[in-house]
Amino acid sequence: MSYKEALLDGIRIEQKGKQARYYPRCIFCGTEVMSCNYVPNYNYICSDCKKIKKTILKTEIFRIKTKDESKCDRKRVLKSD
Ligand SMILES: [Zn+2]
């Protein structure tokens, strides 16, 4: 499943024996983050950015979509209709 999705999203995949490694990019700095599986629309964050995640989010340059936020979006869409 995740293999096909990673291909579609242009994620680099490394095949190591039977196991595949995925390299989606960090949503903040673009560094490849190694992962054993790939989940589309997941917020991948590299270890460096994880340390300063709170600070980055305070700048509001980047926004991470949370479950609450997507609920809000849906409400807004319904209202505008
Ligand atoms: Zn990063």
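Okay, a definition to start: helices here are DSSP runs of H or I with at least four residues, strands are DSSP runs of E with at least two, and both are numbered from the N terminus.

Before going on, some housekeeping. What you're looking at is a predicted model, where local features need pLDDT of at least 70 and side-chain atom pairs count only at pLDDT 80 or more, while totals for chains, interfaces and linings use all residues. Residues are numbered from 1 along each chain as its sequence is written.

Now, burial. We call a residue buried if 20 or more other C-beta atoms lie within 10 Å of its own, exposed if 12 or fewer, and partly exposed in between, with the C-beta atoms placed from the backbone. How much of the protein chain counts as buried? Of its 81 residues, 9% do.

Contacts next. Two residues are in contact if their C-beta atoms, again placed from the backbone, lie within 7 Å. Take the contacts in the protein chain with a separation of 6 or more: 18% of them join residues 24 or more positions apart.

Let's go to the strands. Two strands count as paired if DSSP finds at least two bridges between them. Strand β1, residues 12-16, and strand β2, residues 19-23, pair in the antiparallel sense, over five bridges. Which residue in β2 is the bridge partner of Q15? That's A20. K16, meanwhile, stands opposite Q19 in β2. The hairpin has two residues between its strands, and there G17 takes a positive phi near 65°. And is β1 covered? Hardly: of its five residues, the count of buried ones is zero.

On to the loop between β2 and α2, where α2 is residues 47-51 and where we find R25. Is R25 buried or partly exposed? Partly exposed, because it has 16 C-beta neighbours inside 10 Å. Setting aside neighbours within four places in sequence, R25 is in contact with G30, T31, E32, V33 and Y44. Look at Y44 in particular: R25 and Y44 are 19 residues apart in sequence, and 6.6 Å apart in space, C-alpha to C-alpha.

Y42 lies in that loop between β2 and α2 too. It counts as exposed because 11 other C-beta atoms lie within 10 Å. Across the sequence, Y42 and K65 are 23 residues apart, with 9.3 Å between them in space, C-alpha to C-alpha.

Last topic, backbone angles. Most residues other than glycine have a negative phi. N41, though not a glycine, has a positive phi of about 65°. N41 is found in the loop between β2 and α2, and it is exposed because it has 7 C-beta neighbours inside 10 Å. E60 is another residue other than glycine with a positive phi, near 60°. Where is E60? In the loop between α3 (53-59) and α4 (67-80). E60 counts as exposed because its C-beta neighbours inside 10 Å number 7.

That's my tour, thanks.
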